[in-house]
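Me: I have just opened a new structure and would like to learn how to read it. Could you walk me through some features, one at a time?

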Amino acid sequence: MGEEQSLFSEVGSLQPKSDSEIVFPAVLYPSPKAMKHVQLTEAIKGNKEWIDSLLYQSGVVLFRGFPVSTASDFNDVVESSGYEDFPYGAAGGGSRTKVCGRVYTANESPPEQKIGFHHELSHAIETPSKLFFFCEVEPGSGGETCIVLSHVIYNKMKKKHPKFVADLEEKGLTYMRVIGKEYDPSSPIGRGWKAMYMTDDKSVAQERAAKTGIKLEWMGDNAKIVIGPKPCFKYDEARQRKIWFNNLAISYNGVMDKLNDDPTKQVVFGDGQMIPPDEVNDLIKMLDDECVALQWQKGDVLLLDNLAVLHSRRPLLAPPRRILASFCK
């Protein structure tokens with residue numbers, strides 16, 4: 001390590017996973033040899049290029065053991081990265097509240113419900129390239145954030161289900177979901193169209209939705225959102241590999257509420273055909289088998305490459321838990 005990198009201890013990992021050549025996730029602690037108490041903002045500013053290269057190699061960097069206590073501290077960490085802000089706008093269905101600066105609450109869906117694996121805003125015209133998460137209140141039990149390398153899932157699914165992957169490649173996916181006018185706190189994706197499009201005028205909402213590639217079909221005061229057909233995969237130019245970049249797992253598995261009681265109808269092939277359940281169930285099992293489940297500790301800051309890594313949330317078994325988030329271009 002160089003003089004600046006000595007603010008960190010050596011790169012570690014929580015546990016080895018599928019790709020033995022990748023440290024996943026990379027974990028950085030403050031160096032016990034540092035001459036003074038290490039501030040994460042200072043360490044990031046002084047090691048930006050090195051941290052970027054580590055993120056490129058691993059896909060995830062966990063900063064643990066630094067004195068980050070509040071939302072304001074977390075905002076300072078995000079700002080110190082130099083990454084440009086990505087506003088959480090109309091394309092996002094999850095309910096979030098702005099806390100301060102560039103900091104939002106993580107998805108405010110009922111904590112006892114699971115949130116399936118996804119890339120943030122993979123269905124949108126524009127997606128964030130990087131995500132920050134911060135543990136302000138450590139979970140009592142459960143509530144882990146799970147992470148998995150997207151190219152590993154693509155390669156394994158292509159090997160095990162080549163026809164299914166070929167169909168996804170050819171047809172893409174169409175996502176459909178009914179949302180209400182107002183916020184539904186009981187829903188995993190409960191953001192109403194009024195908040196999503198910042199209007200209570202249906203025609204204005206429809207126009208604003210169209211600009212983000214979303215079609216609204218009105219059902220009284222409710223709106224059926226139709227997105228797609230959308231591509232299922234992307235090519236990661238920087239790493240020269242194909243990635244699993246879609247919302248199939250989260251849409252098919254468990255996103256249910258009073259307006260959407262059958263998740264199997266919320267995502268179909270781009271030609272309207274139903275998705276074969278066996279292949280999707282295999283995908284969901286594979287994601288669970290390959291993931292690393294992050295047991296949050298207070299003060300943890302997680303930097304995630306949204307192009308390389310899928311993430312999910314396990315049900316909270318014992319509260320409290322408070323995770324904050326920030327999105328970067």
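Me: Let's start with a helix. Which exposed residues does the face of H5 turned away from its buried side carry?
Reply: That face of H5 carries Lys-163 and Glu-170. Keep in mind as we go that this is a predicted model.

Me: And which residues of H5 are buried?
Reply: They are Phe-164, Val-165, Asp-167 and Leu-168. Looking down the axis of H5, you find these buried residues within an arc of 155°, so they line one face of the helix.

Me: How many salt bridges does the structure hold?
Reply: It holds 20. One of them joins Glu-84 and Lys-329, with 3.5 Å between the closest N and O atoms. Glu-84 is in the loop between helix H3 (71-80) and strand S4 (98-100), while Lys-329 is in the segment after strand S20 (322-328), so this pair ties together parts 245 residues apart in sequence. Lys-329 is partly exposed, at 46% relative accessibility.

Me: Which helices does the salt bridge between Lys-156 and Glu-290 tie together?
Reply: First find the pair itself: the closest N and O atoms of Lys-156 and Glu-290 are 3.8 Å apart. Lys-156 belongs to helix H4 (residues 150-160) and Glu-290 to helix H9 (residues 277-290), so the bridge ties parts that are 134 residues apart in sequence. Glu-290 is buried, at 14% relative accessibility, whereas Lys-156 is partly exposed, at 35%. For a network of salt bridges, look at Glu-79, Asp-85 and Arg-102, which are linked in this way.

Me: Now the strands. In what order do the 8 strands of the open sheet lie?
Reply: Follow them as S1-S2-S3-S17-S7-S20-S5-S4, with mixed pairing. Strand S1 (12-13) and S4 are the edges, each pairing on one side only. Inside the sheet, strand S7 (residues 130-137) and strand S17 (residues 301-305) pair in the antiparallel sense over 5 bridges. In that region, Phe-134 stands opposite Val-301 in S17.

Me: Which strands does helix H2 lie across?
Reply: Helix H2 (residues 48-58) lies across strand S2 (26-28), strand S3 (60-63), S7 and S17, and runs at about 125° to S3. H3 also packs on the sheet, where it touches S4, strand S5 (103-105), S7, S17 and S20. The direction of H3 makes about 155° with that of S7.

Me: Finally, which residues touch the most other members of the largest nonpolar core?
Reply: Ile-153, Phe-164, Trp-244 and Leu-248 do, in a core of 39 residues. H9 gives the most to this core, with 5 residues.

Terms used: Residues are numbered from 1 along each chain as its sequence is written. This is a predicted model: local features need pLDDT of at least 70, side-chain atom pairs count only at pLDDT 80 or more; totals for chains, interfaces and linings use all residues. Side-chain values use heavy atoms; hydrogens and water are left out. A salt bridge is a side-chain nitrogen of Lys or Arg within 4 Å of a carboxyl oxygen of Asp or Glu. Helices (H or I, at least four residues) and strands (E, at least two) are DSSP runs, numbered from the N terminus. Buried means under 20% relative accessible area, exposed over 50%, partly exposed in between (1.4 Å probe, protein chains only). Two strands pair if DSSP finds at least two bridges between them. Contact means heavy atoms within 4.5 Å. Axes are lines fitted to C-alpha atoms, for helices over the stretch in contact, and angles run from 0 to 180 degrees between N-to-C directions. The arc is that of the directions from the helix axis to the C-beta atoms. A nonpolar core is a set of buried Ala, Val, Leu, Ile, Met, Phe, Trp, Tyr and Cys residues joined through side-chain atoms within 4.5 Å.
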